[in-house]
Amino acid sequence: MENEIEKKEYAEDEISLLDLFAVLVRYRKLIVLGTGIVTLLTILWLFILPLFAKKSSVQNAKVTYTVRVKSIPISISERLPNSKEITPIYLATYSTQRLPFLVEKIKENNVFSDTNDMTDYEFNAYVQGLIKEKTIEIESSPLGTEYSIILKIPINSIGDGTKLVNSIISDADKEIQNYYIPLIKTLQQNTEVSIQKAMSLQTGASDISSLQSLQEFATDLQEFIGSFDGFLSLRGEPFVVPEGRGRVKKTVIIFLAAFFVFVFIAFLKNAIENIKADPVSSKLIADAWKAGK
């Protein structure tokens with residue numbers, strides 16, 4: 001008895017699979033033609049159209065600009081306030097990453113998209129989105145003497161990207177100078193005063209040693225200020241890596257999506273025809289339709 005039940009269930013499963021396969025065979029033209037047409041249009045859009053439309057063929061690139069940060073000699077930095085926490089590399093990356101600062105710079109040199117119709121609030125959110133999506137990134141180097149500004153922009157906009165980065169570096173450098181230069185000049189003035197006092201009051205070997213130390217420190221200050229030409233500068237040419245367009249991947253995804261959509265349409269058409277051919281099912285659907293009004 002149990003064997004008979006198992007055979008019956010197996011037969012029902014086999015019939016069910018055959019019915020499904022029969023539907024696919026019956027509507028094979030719809031599935032094949034529909035999927036083929038959608039795939040062909042996708043290939044034309046992704047591979048052929050860019051050959052004729054320049055705007056469609058624009059390729060993005062990941063452009064890395066390396067910014068060199070000039071360090072302050074240890075003999076000077078150790079006498080500055082908060083020298084362990086506040087360093088030129090810290091101030092440089094902090095200034096560059098500040099949202100208001102980036103908003104101002106990108107407004108002047110926007111290489112990402114056309115934003116002329118945006119309000120100030122919308123533009124602020126737009127720049128915040130660029131940072132969140134890593135369209136613009138700031139990466140610090142473990143060496144502590146440089147950091148990177150990374151832009152994801154059209155490959156034909158690298159020149160404009162360089163203008164943007166130069167503008168960022170120029171203004172960030174001014175902010176760092178506004179912090180350090182007054183401190184260093186004050187330190188220089190105080191050192192000169194200390195040297196004059198030491199020269200007038202020296203009486204022994206220890207005083208002479210202190211005076212020599214002050215004079216050496218004054219020389220370090222003078223050499224740093226005399227050779228100083230800024231804290232930030234670009235190191236070499238930007239490193240450019242073209243980004244893949246992902247056209248093959250998109251084509252495969254659209255092909256599979258189109259295939260399953262047309263398979264669904266085939267089963268839907270088959271179900272509708274079966275309902276039309278069965279008076280009981282047709283009446284049941286009609287009654288349900290009326291009840292839903």
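**Values against definitions**

Student: What makes α4 largely enclosed by the rest of the structure?

Tutor: 7 of the 10 residues of α4 are buried, so this helix is largely enclosed. Buried means under 20% relative accessible area, exposed over 50%, partly exposed in between (1.4 Å probe, protein chains only). Pro-88, Ile-89, Leu-91, Ala-92, Thr-93, Ser-95 and Thr-96 are the buried residues of α4.

Student: What should I know about the model itself?

Tutor: It is a predicted model: local features need pLDDT of at least 70, side-chain atom pairs count only at pLDDT 80 or more, and totals for chains, interfaces and linings use all residues. Residues are numbered from 1 along each chain as its sequence is written, and side-chain values use heavy atoms, leaving out hydrogens and water.

Student: How many helices and strands does the protein have?

Tutor: The protein has 10 helices and 5 strands. Both are DSSP runs, numbered from the N terminus: helices are H or I with at least four residues, strands E with at least two.

Student: Why is α10 said to lie largely in the open?

Tutor: The number of buried residues among its 13 is 0, so α10 lies largely in the open. Helix α10 covers residues 279-291 and reaches 18 Å from its first C-alpha to its last, close to the 18 Å expected. The expected span is 1.5 Å times one less than the number of residues.

Student: Which residues have the most contacts inside the largest nonpolar core?

Tutor: They are Phe-112, Tyr-147, Leu-151 and Leu-232, in a core of 43 residues. Such a core is a set of buried Ala, Val, Leu, Ile, Met, Phe, Trp, Tyr and Cys residues joined through side-chain atoms within 4.5 Å. α7 gives the most to this core, with 10 residues. Apart from it lies another core, of 6 residues, among them Val-23, Tyr-27, Phe-262 and Val-263.

Student: What does Leu-151 touch?

Tutor: Its partners include Ala-61, Val-63, Tyr-65, Phe-112 and Leu-164, not counting residues up to four places away in sequence. Contact means heavy atoms within 4.5 Å.

Student: Is Leu-44 buried, partly exposed or exposed?

Tutor: Leu-44 has a relative accessible area of 39%, so it counts as partly exposed. Leu-44 is found in helix α2 (residues 28-52).

Student: How much of the protein is buried?

Tutor: Buried residues make up 29% of its 293 residues.
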